[in-house]
Every structure is written in structure tokens, then in C-alpha cells.
Amino acid sequence: MAEVFQAIDQFPVTLKTWLLGHAAGVMPEWALPLLSAALSITPILAVFPLLFALTTVIERKGLGRIQNRRGPNRVGIPLTNIRLAGFGQFIADGIKSLTKEDIVPRSADKVVHFLAPIALLIPVLLTYSVLPFGRNMVPLDLPQTGLLFFFALGASTELSVFMAGWSSRNKYSLLGAMRAIAQMVSYEIPLILSALTVVMIAGTLSLSGIVESQAEVRFGFLHSWHLFTPWGLVGFFLFLTAAAAEANRTPFDLPEAESEIIAGYFTEYSGFKFAIFFLAEYLGLFAMCGLGITLFLGGWLPPFKFLGFIPSWCWFLGKLVALILLFIWLRGTLPRLRTDQLMGFAWKFLLPMTLINLFVAGLWHLSVTSVPMTVRWIGGFALLAIPYWLLGRGFEAKVGKREYRFAN
Amino acid sequence: MTLSFAILAGLTVGSAVAAMSLRNLVHCALGLVLTFAGLAGLYLQLNAEFVGFTQILVYVGAVAILIVFAILLTRGTEPANEPAAVSPWAGLPVAVLAFLAMAAAVLASPVGKRLAAPVPEVSVKTLGQKLMTDYVLPLEVLALLLTAAMLGAVIIAMKDKEDLQ
Amino acid sequence: MTPLSGYLLVSALLFCIGLAGALTRRNAIMVLIGIELMLNAANLNFIAFWRFSEHPETQTGLMFALFSIAIAAAEAAVGLALIITIYRHFRTANVDKVEAMKG
């Protein structure tokens with residue numbers, strides 16, 4: 001029985017080696033690495049854009065339910081009466097955006113305007129290459145620099161946002177781009193600092209190494225995810241907050257606040273280019289969620305040892321879908337922040353909290369053998385809860401009661 | 001000379017020329033970004049992965065963003081009717097002479113013919129241990145410098161009190 | 001394999017492009033970009049000499065490059081802050097027009 005489960009678990013890997021083995025006889029020597037790369041890339045390019053397509057429908061339906069309406073429920077399979085509860089919507093949306101006219105403003109900088117969506121999509125897609133999707137399933141295992149690779153590519157998306165906003169020659173585009181860059185630069189620091197705690201404990205920058213560092217089994221059934229520590233729990237929520245800001249998700253979606261600046265940096269984009277922006281934004285969110293899963297939620301590891309028979313890639317995808325649903329729920333629930341609140345939150349709350357969290361993680365690591373478990377837990381939480389309370393109070397006092405100048 | 005080196009070197013030098021010679025300042029900044037990316041590629045080719053990705057993180061993610069922000073904040077500084085550069089006869093000969101001197105030195109030196117040793121064992125762990133032991137003083141000085149630079153930049157760029165009122 | 005001289009020539013070329021730009025362009029930001037290019041050329045030299053050295057395991061060149069990247073970031077921040085202040089004061093970022101020593 002165990003062999004069957006293991007065969008299902010390793011099915012993508014065995015399929016790849018089988019295909020490569022057969023190709024070795026037919027293809028020339030130099031083409032084999034290319035084929036191997038193509039075989040790793042194809043599943044990523046198939047799974048994640050499909051997940052994006054389904055997410056757009058689920059998001060619209062979920063938001064509809066939260067707002068007490070139905071959301072899309074008409075489009076099914078074309079030319080039949082099968083409606084699939086509206087899950088054909090993404091095909092219709094895709095056809096629509098592909099056939100729409102591509103409008104470029106007359107005064108726009110045509111070359112930069114054309115390059116911006118491509119320059120956004122490529123780094124986002126490249127980030128997927130270091131994520132471990134399952135046991136032995138990392139397209140590009142960088143044993144020394146995996147996490148740094150991810151963050152370096154994440155940082156280079158800011159520039160394409162600027163390219164889009166500047167080349168459109170539109171004040172709303174430029175304002176949106178400036179807002180987006182300021183926000184991404186500010187939230188990158190807490191994002192990296194909260195991920196750094198895991199690097200400190202695991203002692204490696206390799207993402208598959210980080211997953212393996214969580215494989216230890218406690219109490220006979222529980223895998224030691226980094227989430228199950230005081231610093232990991234706090235770090236995960238700090239990471240998630242910063243990731244939401246980095247991916248421009250509500251409540252941090254000021255760069256495209258439609259009530260203020262139309263659609264931010266992609267105001268002047270239409271048709272296929274807009275679709276690419278939309279795709280890149282969601283793929284960026286998925287990659288961030290995937291990184292959060294790898295760092296804190298045990299990657300492809302199951303929570304309990306006895307659930308290990310479920311294939312590892314199912315665990316990764318399941319956790320990913322759960323986090324996506326969480327972000328949809330947040331979008332339906334929370335209102336948008338103001339720009340000053342957004343910046344204040346990053347610099348005055350998230351940054352000190354991540355620094356304190358780094359300190360707590362260091363203490364946790366140093367007291368592994370010398371201090372009993374309960375003391376470490378209580379001490380760790382106390383060290384995190386007190387600054388949280390103080391910072392939170394200070395933050396609330398600064399924001400103050402809102403005055404409605406025109407309503408009163 | 002390998003093909004990948006030729007491509008990366010061509011990209012780096014070509015985009016550097018673009019960064020220094022284009023009229024539009026934002027185009028120059030984008031050319032500079034390409035140069036940074038090309039250099040990161042050269043670092044990767046030299047087995048310096050950590051420095052290569054740090055290069056992208058710091059230069060593309062931070063320095064380039066700073067530069068484009070500064071360009072936007074000082075807009076309208078190069079009127080269209082004015083040449084973007086002073087007469088090229090002032091700087092170009094100096095640069096060409098400097099290049100010829102350096103190229104002659106490089107080509108004459110026996111060190112230049114050296115081929116790379118087998119890939120050295122570099123791990124981020126030993127890099128970090130070195131930073132915390134042999135290089136701890138430079139590291140602390142650098143931390144101080146970065147803090148001072150950050151405070152200094154904020155204070156310099158902050159508006160004067162009279163301006164605000 | 002590319003010999004060391006290939007990397008050194010690219011670095012020298014990069015340095016001279018930066019030098020030419022810094023000497024000829026009028027805008028202060030362009031001068032700063034030229035200086036950044038020269039710094040990067042020096043960095044490439046550090047990495048190349050490290051890789052082709054007899055004792056790469058000492059990692060001295062890598063360390064030097066890392067420190068130089070950090071210093072370049074600080075330099076860019078302060079330099080651009082200065083340019084913005086000069087622009088506010090003189091309403092120009094043209095280095096030839098900023099010549100008044102007083103007010």
C-alpha cells in the first residue's frame with residue numbers, strides 16, 4: 001500500500017525521468033538539458049495560469065456572496081445549456097480581453113509602454129522556479145541562494161510598475177505608480193525581515209532545505225512547522241500582512257484605488273496588455289502565498305504524520321488554495337487604508353514588530369537545550385505581546401477619531 | 001570566450017552606452033537597470049551567486065528606484081532646445097585615453113591569460129561566519145555608515161520649516 | 001572558458017563609459033549615474049580577480065564587492081537627496097548653472 005502512495009506522490013518526477021530516458025536515445029546530447037527544463041516549466045505554466053483563471057471566478061462569486069448577491073453564474077460550456085455554476089466565465093473573459101482593441105495613448109512612450117507588462121510578468125514567473133511544490137519537486141534548486149533569488153526578483157517588479165505608470169503620460173497612472181512603488185519599497189523590509197527569522201532557525205537559504213527543517217515529528221504525530229512556535233506564529237501573520245501589501249491586495253490596494261485614481265498604473269492599458277498585468281498580479285500573489293507556505297506552513301509537509309499518505313503536491317496546492325480563499329475573504333471584509341495610515345503601519349508597527357520577532361527567534365534558538373519548553377513559550381509570547389499592545393495603542397492614538405468635515 | 005559571456009558583455013556595455021547617451025533621463029535610468037542586470041549575469045557566470053542576487057536586490061530594487069524618483073522630482077531640468085551634454089571633446093578623449101591605458105595594461109599582463117580554477121567551495125554560511133569574525137569591524141562601521149546616510153538623506157531632502165509654512 | 005582579461009576589458013570599458021558620461025553630461029543625476037557605472041566596473045574587477053585567484057576560498061573579493069554594494073547604496077541615497085535640495089534651491093539640476101557660492 002505504501003508503495004502505491006509513494007508512486008502517486010512521486011508521479012511527476014518519475015514521469016519526467018521516464019520521458020528524459022526515452023528522449024536520450026532520440027535527441028542530440030545538447031538538447032537534453034533544454035528538454036529537462038521544458039518539462040519542468042510546462043507544468044508550472046499549465047497549473048498556475050489555470051489556477052488564476054479559476055481564482056478570478058471564485059473571487060467574483062465569493063465577493064458576490066459576501067455582498068449578498070450571486071456573482072457570475074451564467075456562462076458554462078458554449079453552445080450547450082450546461083452552466084457549470086458560472087465557471088465558464090473565465091473563458092469568456094479571456095476571449096473578451098484577447099479580442100479587445102489595444103489602445104496606446106498618442107503621447108505615450110510607445111516602447112516602454114509595450115515593455116512594461118512583459119517586464120512585470122517575467123520576474124513573477126521566474127520566482128516560481130525556486131518554490132518546492134512537492135517532495136523532490138523544485139524546478140531550480142539553489143542550495144545557497146534560493147530565498148535571495150526570490151526576493152531579488154520580487155524587488156525587480158517595482159521597476160516595471162514605474163515603467164507602466166510613467167510611460168502612459170497620465171497623471172493617474174503616475175500617481176498610482178508612485179503610490180505602488182512607495183508601498184512596495186516600504187513593505188519589502190518587514191517582508192524580508194519576517195522571512196529572515198526562518199532562515200536564522202533553519203540555517204539555510206535553500207527553500208527545499210527550509211521545508212526539510214520542518215520535517216521533524218513532535219509528540220509522535222505533529223510535524224514541527226515553524227508556525228507552531230511563538231515567533232513563527234507572529235512571523236507568519238507579519239509576513240502575510242506584508243505579502244498582501246506587496247501584492248497590492250485589499251486593504252493595501254491604494255495603487256489601484258478606483259475611487260481616487262481610476263485604475264492606478266494600468267489606467268491606460270487595455271485588451272491583452274491589461275490581461276497580462278492582471279495575470280502577473282495574481283501570479284505574484286500566488287508566489288507570495290507559496291513562499292509563506294514554504295517558510296511557515298511546512299511547505300509540502302502534512303500537518304500530522306498519519307496524513308502523510310496524501311501526495312505532497314496536494315498538500316502544497318491545498319494550502320495555496322486555502323491562503324487564496326483567505327485573501328478573497330479579506331478583500332470582501334476590510335476597507336481600504338489611507339496613504340498616511342499605510343506608510344505609518346509599515347514603518348511604525350510592522351518594522352518594529354519584525355525586529356522584535358527576530359530577537360525572539362534568536363532567543364528561542366539559543367534556549368533550545370537549556371530552558372524548559374513552557375518557559376520558552378510563555379516568555380516568547382510575552383516578549384511579543386507587550387510590544388504589540390504598546391505599538392498598537394500608539395498607532396491607534398495617532399490615527400485618532402475621524403472627523404467628517406463636510407458631513408457634519 | 002564563450003557565447004554566454006559574449007552576450008552578457010555585449011548587453012552590459014551596450015546598455016551602459018545607452019544609459020550615458022540617451023536624451024530622455026528616464027530612458028537613461030532604464031538603460032542603467034539593464035547594465036545592472038547584465039552585471040548580475042556576469043557575477044553568476046563567475047560563480048558569485050550571492051553577490052549577483054544582492055546586486056539585483058540592491059541596485060535594481062533600490063538604487064534604480066531612487067534614481068527614477070529623483071528624475072521625476074527634478075523634472076523639466078533639461079530644456080529641449082539645450083544640448084544634453086557639453087561639447088563631447090571635453091570628456092571623450094580623456095575616457096578613450098583611460099580605456100587605452102587600461103586595455104594595454106590588461107593585455108600586456110600575464111595575469112590576464114589566467115583561466116579559472118575549478119569552482120571554489122563558497123557557501124553563504126562561511127560568508128556569514130567571516131562577516132561575524134574577521135570582518136566584524138568593517139560590518140559595524142558599515143552599519144553606522146548606512147544609518148548615518150539614511151538620517152542624512154532624510155534631513156537633507158526634508159523641506160525647510162519656512163517652506164512648509 | 002573566458003580568460004580573466006575578458007572580464008577586465010569589459011570592466012575597463014564600463015568604467016570609461018561611466019567616466020565619459022560623468023564628464024560630459026550636464027544633468028547632475030546623469031553625473032551620478034556615471035559614477036554608479038564606475039563603481040560597478042570596480043565591483044566586476046573584484047569578483048573577477050576573486051574567481052581567478054589562487055585562493056578563492058578566502059572570499060576576500062566577495063566581501064569587498066558586498067561592502068562596496070552597500071556603500072554605493074548609501075552614496076546614491078545621499079547624492080540624490082543633495083540633488084533634490086539643489087533643485088529646490090536653484091530650480092535646476094544642471095551642474096553648469098549651479099555656480100553661485102552664496103545663497
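What share of the 165 residues in chain B is buried? Buried residues account for 32% of chain B. The model discussed here is predicted.

## Chain A

Chain A has 14 helices and two strands. Its C-alpha trace spans about 70 × 65 × 45 Å along the principal axes.

Of the 408 residues in chain A, 40% are buried. Among contacts in chain A between residues at least 6 apart in sequence, 76% link residues at least 24 apart.

## Chain B

Chain B contains seven helices and zero strands. Read from the N terminus, its elements follow the order α-α-α-α-α-α-α. For contacts in chain B between residues at least 6 apart in sequence, the part joining residues at least 24 apart is 49%.

Two domains are assigned in chain B: domain 1 covers 1-77 and domain 2 covers 122-165. The C-alpha centres of domain 1 and domain 2 of chain B are 23 Å apart.

## Helix 6 of chain B

Helix 6 of chain B runs over residues 136-157 and has 22 residues. From its first C-alpha to its last, this helix reaches 31 Å, close to the 32 Å expected at 1.5 Å a residue.

Is helix 6 of chain B largely buried or largely in the open? Two of its 22 residues are buried, so helix 6 of chain B lies largely in the open. A residue counts as buried here if 20 or more other C-beta atoms lie within 10 Å of its own.

## Contact between chains B and C

Two pairs of chains are in contact, and of these chains B and C share the most contacts. Chain B puts 73 residues into this contact and chain C puts in 61 residues. On the chain B side, at least two residues each come from helix 1 (3-21), helix 2 (25-45), helix 3, helix 4 (92-108), helix 5 (124-132) and helix 6. Helix 3 of chain B gives the most to that side, with eleven residues. By class, the side of chain B that touches chain C comprises 56 nonpolar, twelve polar and five charged residues.

## Contact between chains A and B

How many residues of chain A are in contact with chain B? The contact involves 16 residues of chain A and 14 residues of chain B. Helix 6 (146-167) and helix 7 (171-202) of chain A each supply at least two residues of the chain A side. Helix 6 of chain A gives the most to that side, with ten residues. The side of chain A that touches chain B has twelve nonpolar, three polar and one charged residues.

Chain A and chain C are joined by no contact. Their closest C-alpha atoms lie 14 Å apart.

## The largest nonpolar core

The largest nonpolar core has 175 residues. Those that touch the most other members are Ala177(A), Phe239(A), Ala29(B), Ala64(B), Ile67(B), Ile29(C) and Ile47(C). Helix 3 of chain B (residues 49-73) supplies the largest share of this core, 15 residues.

## Backbone points to check in the loops

Most residues other than glycine have a negative phi. Arg169(A), which is not a glycine, has a positive phi of about 55 degrees. Arg169(A) sits in the loop between helix 6 and helix 7 of chain A. Arg169(A) counts as partly exposed because it has 15 C-beta neighbours inside 10 Å.

Asn47(B) likewise has a positive phi, near 65 degrees, in a residue other than glycine. Where is Asn47(B) found? Asn47(B) is in the loop between helix 2 and helix 3 of chain B. With 18 other C-beta atoms within 10 Å, Asn47(B) is partly exposed.

Definitions and conventions: Residues numbered from 1 in each chain as written. Chains lettered and ligands numbered in written order. Predicted model: local features only at pLDDT ≥ 70, side-chain atom pairs only at ≥ 80, totals over all residues. Contact = placed C-beta atoms within 7 Å. Helix = DSSP H or I, 4+ residues; strand = E, 2+ residues; numbered from the N terminus. Nonpolar A, V, L, I, M, F, W, Y, C, P; charged D, E, K, R; others polar. Domains from an automatic or database assignment. Core = buried A, V, L, I, M, F, W, Y, C linked by C-beta atoms within 7 Å. Buried ≥ 20, exposed ≤ 12 C-beta atoms within 10 Å, placed from the backbone. Expected span 1.5 Å × (residues − 1).
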